[in-house]
Amino acid sequence: MAALAALAATVGGLLRLRAAGAEGQWRRLRGAGLLRGLLQPDSATGVAAQRRHVAHFTFQPDPEPQEYGQTQKMNLFQAITSALDNSLAKDPTAVIFGEDVAFGGVFRCTVGLRDKYGKDRVFNTPLCEQGIVGFGIGVAVTGATAIAEIQFADYIFPAFDQIVNEAAKYRYRSGDLFNCGSLTIRAPWGCVGHGALYHSQSPEAFFAHCPGIKVVVPRSPFQAKGLLLSCIEDKNPCIFFEPKILYRAAVEQVPVEPYNIPLSQAEVIQEGSDVTLVAWGTQVHVIREVASMAQEKLGVSCEVIDLRTILPWDMDTVCKSVIKTGRLLISHEAPLTGGFASEISSTVQEECFLNLEAPISRVCGYDTPFPHIFEPFYIPDKWKCYDALRKMINY
Amino acid sequence: MAVAAAAAAARIWGSSRGLGQAGLLLLRRPGAWGLARSLPQRRAQQHFPSLDDKPQFPGASAEFVDKLEFIQPNVISGIPVYRVMDRQGQIINPSEDPHLPQEKVLKFYKSMTLLNTMDRILYESQRQGRISFYMTNYGEEGTHVGSAAALDNTDLVFGQYREAGVLMYRDYPLELFMAQCYGNASDLGKGRQMPVHYGCKERHFVTISSPLATQIPQAVGAAYAAKRANANRVVICYFGEGAASEGDAHAGFNFAATLECPIIFFCRNNGYAISTPTSEQYRGDGIAARGPGYGIMSIRVDGNDVFAVYNATKEARRRAVAENQPFLIEAMTYRIGHHSTSDDSSAYRSVDEVSYWDKQDHPISRLRHHLQGRGWWDEEQEKAWRKQSRKKVMEAFEQAERKPKPSPSLLFSDVYQEMPPQLRKQQEALARHLQTYGEHYPLDHFEK
């Protein structure tokens, strides 16, 4: 469980570099005296050095929300902080805990909260995910609000027993005498450009198979704050996965006051008539771009759906859309086999069989661990999605 | 002492670097600091006192040592076993007598014996196919009752599965014990779990779950919340010596200590984890010796001595709440019964070994001898109580048998607080299925 805090600190730095352009990084390094002797300029070797790639998506901010009062420009981690701030202000029992949350967290989601609310409410725990979740369940059993942070979703597995065998089943097995509904577990999720096996995973499929918990993935700062607040207030244990690549890259206007976005409700973010595209988290921005490409190059009108809640998921919205369009493409970074696209696909073919014009398409990560240097080839990027869409149209 | 004085001297003299001259003078006392004596040259050259030779590592506060020596774990004469009564029920050290009133001690005895009677009847009922599964508490009744009696009624209990005596002491009705074992319509758990997975919100006994040791970090979280709420409440967490090997136990101990939680960790060391004897479960000095490794106050007690268990738990409770720190009690005892109705322990231990504990060192007989010694109990009362307790148990048993099971629709509720649409569809699908195929299902035994 090597929680590379250094990695996290550089994520922000690197994303900034990305924006500046990859060349900038190499120029800076070449200038450094120490490295001058070591680094050859490209022309000397005759082989183009690999530049760090720009992100595979472009974050598309939603228009400024009007109905929730004053808004402020926030990135994803600031929106999370805002939600946590609101929660601790409203609910005197609420506590936040996990590894390194006291100083502000490796992704800065808890900055300022310990100073504001006190060390008994925002505190570090020892390095032990099964302990973090078990402890959180116990806090919740007494009725207090427990917000547990797992440093990377890749490290949630030691807590799998506590989540699946305990948290998810607490209410059911006790006949509703006891529950841990006031538990929310947050974890950074998804690819980040260089995270490799243990800083890139999207484990939502493991938890989708577990009745009793809720699993939520936001696509943006505005969505994140509203969904996280809903998770915290929901009377069931929730897992909230935060796309880490969006922590700094996603910026939009977010209401300062608390507001809720309902769970188990997918959002049709763009209406269309020919194909339904479904994704969640970062991938929503990929398929949004694919929808533009399809319109431009193929004259195809896409309906784009952000699933938002993986469990329990909004079958009605997805099926209603597929009944209209007749074609479905689902995309996620997580590996293909047993990924959540298979659940959506299976349900849609049961409910909408006669409406389908083509087989349901899944564009996902390969059935491999998440690679480091091969990430650009691994991820289900817009070209793969576009190609799959084209084949569906021509079926 | 010398250190504190030297530090104070440093403050007076305004030295910003270690102890300064005053400190050095104090430290020069022969024998106070060996290092000072052995390095006279250094003292002349520098103004750093030998106190700077103390390790500065953030990870540990300890002295340097220049002799290579491994710490030997002391397993031969480990942590001693605290007891109050001898095996014949006589108080050994009168100052340790808790001086409990007769009424209370009789409640101890009646709880333990009623539990024992219920165990016999329910074990038998499983053998006869009336319930699916059962676990007895033979030999460990003292650990349950002694500890439960030392708590407040509102103290939260997290158990493993062999603590029914705690519920018994808190007056959980026989009817509800049986209802859970039979999974009938009176079961507050709505028939969802195997027998002996009791839970009672009113009596602050968190519902039992089968995975071992998962309750340990949960209990710690509950204790933390109780501390924050200024509830004046302790949380007690029971587990066996086998469960103490789980990672969750390590997690729980460490969190309790670092987060300063008012919790009592109560380990029932009964010698076996199903068939695995303690020699294969651990190599150190049991569970009590682990406590200090986490910075936890720890004690080992004779679990078959209900007063020893009582005293230790009482003091642990008082201090845990007053000082917001965890306590570890390892109650040594013996599992006289099989692990469960799915186990036949003659496969891995001798009948003689079991018989010794049953006859020579049983918490119930020890307390009975004590009661008789005090003139608080006699053969007459014993006979009458045996008859009465058996009658109570049989009545509850027969009633539990006759009751129907809960409605099958309860299969679907409480997964979430609210029922999600797809689950409602599944519930409706089962209802429709039963309309057509109902004859193949035991619907007669279930409520509608």
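Predicted model: local features only at pLDDT ≥ 70, side-chain atom pairs only at ≥ 80, totals over all residues.

Let me begin with the interface. On the chain B side, 42 residues are in contact with 48 residues of chain A. The two chains bury about 3,600 Å² between them, and carbon and sulfur atoms give 60% of that area. Within chain B, the residues that lose the most area to chain A are Arg228(B), Phe255(B) and Tyr416(B), which together account for 19% of what that side buries.

As to polar interactions, the rule finds 21 residue pairs in polar contact across this interface, both residues being at pLDDT 80 or more. Several elements of chain B give two or more residues to the side that touches chain A: strand 2 (156-158), helix 9 (215-228), helix 10 (247-258) and helix 17 (421-437). Helix 9 of chain B gives the most, with eight residues. By residue class, the chain B side divides into 20 nonpolar, 14 polar and eight charged.

How many salt bridges cross the interface of chain B and chain A? The rule finds two. Arg228(B) forms a salt bridge with Asp120(A), with the closest N and O atoms 2.9 Å apart.

I turn now to the structure as a whole, where a search over all chains finds 44 salt bridges. In chain A, Glu289(A) and Lys382(A) meet through their side chains at 2.7 Å, N to O. This pair links distant parts of the chain, since Glu289(A) lies in helix 13 (residues 283-298) and Lys382(A) in helix 17 (residues 382-393), 93 residues apart. Also in salt-bridge terms, a network links Asp62(A), Arg219(A), Glu267(A), Arg288(A), Asp306(A) and Arg308(A).

Two pairs in chain B deserve a word on accessibility. Lys67(B) and Glu69(B) form a salt bridge at 3.5 Å, N to O. Lys67(B) is exposed, at 57% relative accessible area, and Glu69(B) is exposed too, at 59%. Asp361(B) and Arg87(B) form another salt bridge, with the closest N and O atoms 3.2 Å apart. Here Asp361(B) counts as buried, at 4% relative accessibility, whereas Arg87(B) counts as partly exposed, at 41%.

Finally, is Glu375(A) buried or exposed? Glu375(A), in helix 16 (residues 375-378) of chain A, is buried because its relative accessible area is 3%, under the 20% cut-off. Beyond its neighbours within four places in sequence, Glu375(A) contacts Cys191(A), Val192(A), Gly193(A), His194(A), Gly195(A) and Phe370(A).

Conventions: Residues numbered from 1 in each chain as written. Chains lettered and ligands numbered in written order. Heavy atoms only, no water. Contact = heavy atoms within 4.5 Å. Buried area = accessible area lost by both parts, 1.4 Å probe. Salt bridge = Lys/Arg side-chain N within 4 Å of Asp/Glu carboxyl O. Polar contact = N/O pair within 3.5 Å; in protein donor to acceptor, adjacent residues only side chain to side chain. Helix = DSSP H or I, 4+ residues; strand = E, 2+ residues; numbered from the N terminus. Nonpolar A, V, L, I, M, F, W, Y, C, P; charged D, E, K, R; others polar. Buried < 20%, exposed > 50% of the residue type's maximum accessible area, 1.4 Å probe, protein only.
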